[in-house]
Amino acid sequence: MMFSPETIRAAQEHARAEYPREACGLVVDGAYLPRTNTVENPLVDFRISPQGYAAAARRGEIQAVIHSHPDGPDHPSRADMIGQVDSGLAWGIVPVLSGAPQPPFFWGGNAPIPELIGRRFRHGVADCYALVRDWFRQERDDVLPEYPRDDEWWLGGGNLLMDNIQDAGFEVVDGDPQVGDMVFLQICASVPNHCGVYLGDGLLLHHLVNRFSRVEPLNRWRKHIRLFIRRVPS
């Protein structure tokens, strides 16, 4: 667990008290500090004022931002992902279902890397690209760029994977794949919309929606593979 049970309970109780509004707060030196949600419509969004951050910083080190999602979704929005990237801190979300706060989940910043195999799918936190990023962090000590994204981004005409190959420091592989090559797959979509990591020996590490992350034979997905890309040495 990233923070103590007392800290988690404090965030959950704040989320319960504010429901159906979004609660928000900061973790400062390991303790949860409630903050006022200053956004115009707290039913659908949150904002911590600069004064709220400054007052918290005077108390100690700000370690995380936590807010609630009343009645879903149980994953970060694109705006949440942008906020996390901009802050550089770990972010946590407390889902609240019919007034009952659920266990929070964390991502970004110094949030620990969960096990690569057997993780439950959660868009933006434990999806296919998150798995690839975590593999590179864990196995190569290499931090790939984060790309805030909507759920099922390809349905709106996006081409997230192909558009960011060069920006992420990759080039298309011309030849046989090597360990650590990223694999792009196209599944029930008009563009490549799934990715994984080639582990060698014909094995693919990947994470599909509504499944646990796993290692499978690459050939099982051969008809869906569109290309391999390789990290360019810096």
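Mentor: Please keep in mind that this is a predicted model. Let us begin with strand β3, residues 62-70: eight of its nine residues are buried, so the strand is largely enclosed by the rest of the structure.

Trainee: Which sense does the pairing of β1 and β3 have, parallel or antiparallel?
Mentor: Strand β1, residues 24-28, pairs with β3 in the antiparallel sense, over five bridges. Within that pairing, valine 27 has alanine 64 of β3 as its bridge partner.

Trainee: And how many bridges link β3 and β4?
Mentor: There are seven bridges between β3 and strand β4, residues 90-97, and this pairing is parallel.

Trainee: What do β3, α3 and β4 make together?
Mentor: With helix α3, residues 78-87, the strands β3 and β4 make a β-α-β unit, and the unit is right-handed.

Trainee: Let me change topic. Which residues have the most contacts inside the largest nonpolar core?
Mentor: They are Val132, Phe170, Met182, Phe184, Cys195 and Ile229, in a core of 23 residues. At least two core residues come from each of α4 (128-140), α5 (160-163), β8 (182-185), β9 (194-200) and β12 (225-231).

Trainee: Which element gives the most to this core?
Mentor: That is α4, which supplies six residues.

Trainee: What does phenylalanine 184 touch, leaving aside residues up to four places away in sequence?
Mentor: On that basis, the contacts of phenylalanine 184 include Leu161, Met162 and Ile165, as well as Pro192, His194 and Cys195. Among the others are Ile225, Leu227 and Ile229. Another core lies apart from the largest one; it has 15 residues, among them Cys24, Ile48, Ala56 and Ile93.

Trainee: Now the cysteines. How many disulfides are there?
Mentor: The count is zero. Cysteine 128 is in no disulfide, and the nearest cysteine sulfur to its own, that of cysteine 195, is 3.7 Å away. Likewise, cysteine 195 is in no disulfide, with the sulfur of cysteine 128 as its nearest, at 3.7 Å.

Trainee: Why does that pair not count as a disulfide?
Mentor: The two sulfur atoms would have to be within 2.5 Å. The pair does not count because the distance is 3.7 Å.

Trainee: Is cysteine 128 buried or exposed? And cysteine 195, buried or exposed?
Mentor: Cysteine 128 is buried, at 14% relative accessible area. Cysteine 195 is also buried, and its relative accessible area is 0%.

Note on methods
Residues are numbered from 1 along each chain as its sequence is written. This is a predicted model: local features need pLDDT of at least 70, side-chain atom pairs count only at pLDDT 80 or more; totals for chains, interfaces and linings use all residues. Side-chain values use heavy atoms; hydrogens and water are left out. Buried means under 20% relative accessible area, exposed over 50%, partly exposed in between (1.4 Å probe, protein chains only). A nonpolar core is a set of buried Ala, Val, Leu, Ile, Met, Phe, Trp, Tyr and Cys residues joined through side-chain atoms within 4.5 Å. Helices (H or I, at least four residues) and strands (E, at least two) are DSSP runs, numbered from the N terminus. Contact means heavy atoms within 4.5 Å. Two strands pair if DSSP finds at least two bridges between them. A crossover is right-handed if, with the strands pointing away from the viewer, the path from the first strand over the helix to the second runs clockwise.
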